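Welcome! Take a moment to look over the sequence and the 3D view, and then we can walk through them together.

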Amino acid sequence: MAQQEAFLGKVLCGYQGWFRCPGDGVTPPDSWVHWMKRSKTGEREPAVEMWPDLSEFGNDERFPYPGYTHKDGKPAYLFSSTHPRTVQRHFEWMRQYGIDGVMVQRFQSGIDDTSFRSYDHVLPHIRRSARATGRVWCLEYDMSSGKEADLLDRLIRDWDKLSQKQQITGDPGYLYQDGKPVLALWGFFAERFSGALAHRILDHFLPRAYVIGGVNWPWRGEKNPSWYRALRRFDAVSPWNVGHTARGADGILRAATLTWEEDRKEAEKHGMAYLPVLYPGFRWNNLKNLPPDTVGIPRRRGEFLREQFAAADTMRLNTLKVAMFDEVDEATAIMKVTNDPPTQVPFLTLEGLPTDAYLRLVGEETRRVHHRHRRAV
């Protein structure tokens, strides 16, 4: 096997890759997966908060959404993650702006669902595009909605299929650390399954992979003895910070970063690396049918995210996760989105910033992280 890229020292973005459109060769007619949802009356409604900028996309990548138009009356288009050129374009953006790569999201609840096999259609595109652009990646299982009785079996079966049969961990861009392939397991929340199951999951995967544990942000305060121990067994711990905010004396809502130092100390005390989660803002009015004037967590023209990078800089952190690359459902996307969305429904914009503003911001901060890491080693 060729020398693999190391996980530590990287800035990685979560990559959903879950958008699908009728006509993409995979998706059933009238099914706009993750772009749209059905209302109680059966009508289609938007499930996303931001609209992608498709000005660079080819005609074969653009799928017109019926009835939606921009302010100039031109039809509005969406993309499908199952299109190889679209995935390639996303990875080209990462290369262009200097972003290291992605943590590819894979929901365990959908891995056996034949109606949602876009996972298996998109993953080969990701592998090819990462290789072609020199980007790195690793797999991240989201354990949401997992049933305790079969959660571990499903994870084992799917990981064995991908790592042994499809040999994804042999890809030149697949991340390794300490001689083991990196595997992120997100959703170690005490309210979701038992501490005993958490230990069984770790007993199986820790000998086989460098395990990043995705945990709830107040993980250090867990009182259950079994969970307390489980949350300190990972190779790296990554508290989910999306939605965790604090309002300053100036009234401005900022990401809560004051917990990061204690998180890192606790992680290092137990031999774990620390992977904080940074995000550009948040809103899910369309997804949750909230009033259109519900504010959410404003991006403040990039300052919200820039402040988190500044906190990481102060702490000399050299491995970071950004949520997310393409998550327009909850308005955390850093990819190119438009300032001219369809007029039929309220959507967020980039507040007049260039469409590539967040790609540029994350790329610039990635270079700072690389500089810190080189100096540290």
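## The chain as a whole

Please keep in mind that this is a predicted model. The protein chain is built from 9 helices and 16 strands. Its radius of gyration is 20 Å, close to the 21 Å that the globule rule gives for 377 residues, so the chain is as compact as a globular protein of that length. Along its principal axes, the C-alpha trace spans about 60 × 55 × 40 Å.

How much of the chain is buried? Of the 377 residues, 59% count as buried. The protein chain exposes about 15700 Å², and carbon and sulfur atoms supply 50% of that area. Among contacts in the chain with a separation of 6 or more, 73% come from residues 24 or more positions apart. As for charges, there are 52 positive and 48 negative ones, and their mean positions are 2 Å apart.

| Residue | Relative accessibility | Class |
|---|---|---|
| Glu 49 | 0% | buried |
| Phe 91 | 0% | buried |
| Ser 238 | 5% | buried |
| Glu 45 | 24% | partly exposed |

Let us begin with Phe 91, which sits in helix α1 (residues 84–97). Phe 91 counts as buried because its relative accessibility is 0%, and buried means under 20%. Leaving out residues up to four places away in sequence, Phe 91 touches Val 102, Ile 126, Ser 129, Ala 130, Thr 133 and Arg 135. Ala 130 is 39 residues away from Phe 91 along the chain, and their C-alpha atoms are separated by 6.6 Å.

Ser 238 belongs to strand β11 (residues 236–240). A polar atom of the Ser 238 side chain lies 2.8 Å from the backbone oxygen of Leu 275. Beyond residues up to four places away in sequence, Ser 238 also touches others, including Ile 212, Gly 213, Gly 214, Val 215, Val 277 and Lys 321.

Next comes Glu 45, in strand β3. Glu 45 is partly exposed, with a relative accessible area of 24%. Not counting residues up to four places away in sequence, Glu 45 touches Trp 35, Met 36, Lys 37, Ser 39 and Asn 289. Glu 45 and Leu 287 are 242 residues apart in sequence, while their C-alpha atoms are 8.6 Å apart in space.

Glu 49 is found in the loop between β3 (44–46) and β4 (63–69). Is Glu 49 buried or exposed? At 0% relative accessibility, Glu 49 counts as buried. Its side chain has a polar atom 3.0 Å from the backbone nitrogen of Asn 285. Leaving aside neighbours within four places in sequence, Glu 49 is in contact with Arg 283, Trp 284, Asn 285, Asn 286 and Leu 287, and also with Val 328, Asp 329, Ala 331, Phe 347 and Leu 348.

## Backbone details in one loop

One of those contacts, Ala 331, leads us to the loop between β16 and α9. Most residues other than glycine have a negative phi, and most peptide bonds are trans. Which residues here have a positive phi? One is Ala 331, whose phi is near 60°. Another is Glu 351, with a phi of about 55° although it is not a glycine.

Both Ala 331 and Glu 351 lie in this loop. Ala 331 counts as buried at 1% relative accessibility, whereas Glu 351 counts as partly exposed at 37%.

The loop, which runs between β16 (320–322) and α9 (357–376), also holds Met 324. A cis peptide bond joins Ala 323 and Met 324, with omega at about 5°.

Note on methods. Residues numbered from 1 in each chain as written. Predicted model: local features only at pLDDT ≥ 70, side-chain atom pairs only at ≥ 80, totals over all residues. Heavy atoms only, no water. Helix = DSSP H or I, 4+ residues; strand = E, 2+ residues; numbered from the N terminus. Buried < 20%, exposed > 50% of the residue type's maximum accessible area, 1.4 Å probe, protein only. Polar contact = N/O pair within 3.5 Å; in protein donor to acceptor, adjacent residues only side chain to side chain. Contact = heavy atoms within 4.5 Å. Rg over C-alpha atoms; globule rule 2.2 N^0.38 Å. Areas by Shrake-Rupley, 256 points an atom, 1.4 Å probe, with all protein chains shown as cover. Lys, Arg positive; Asp, Glu negative; His and termini not counted. Charge placed at Lys NZ, Arg CZ, Asp CG, Glu CD.
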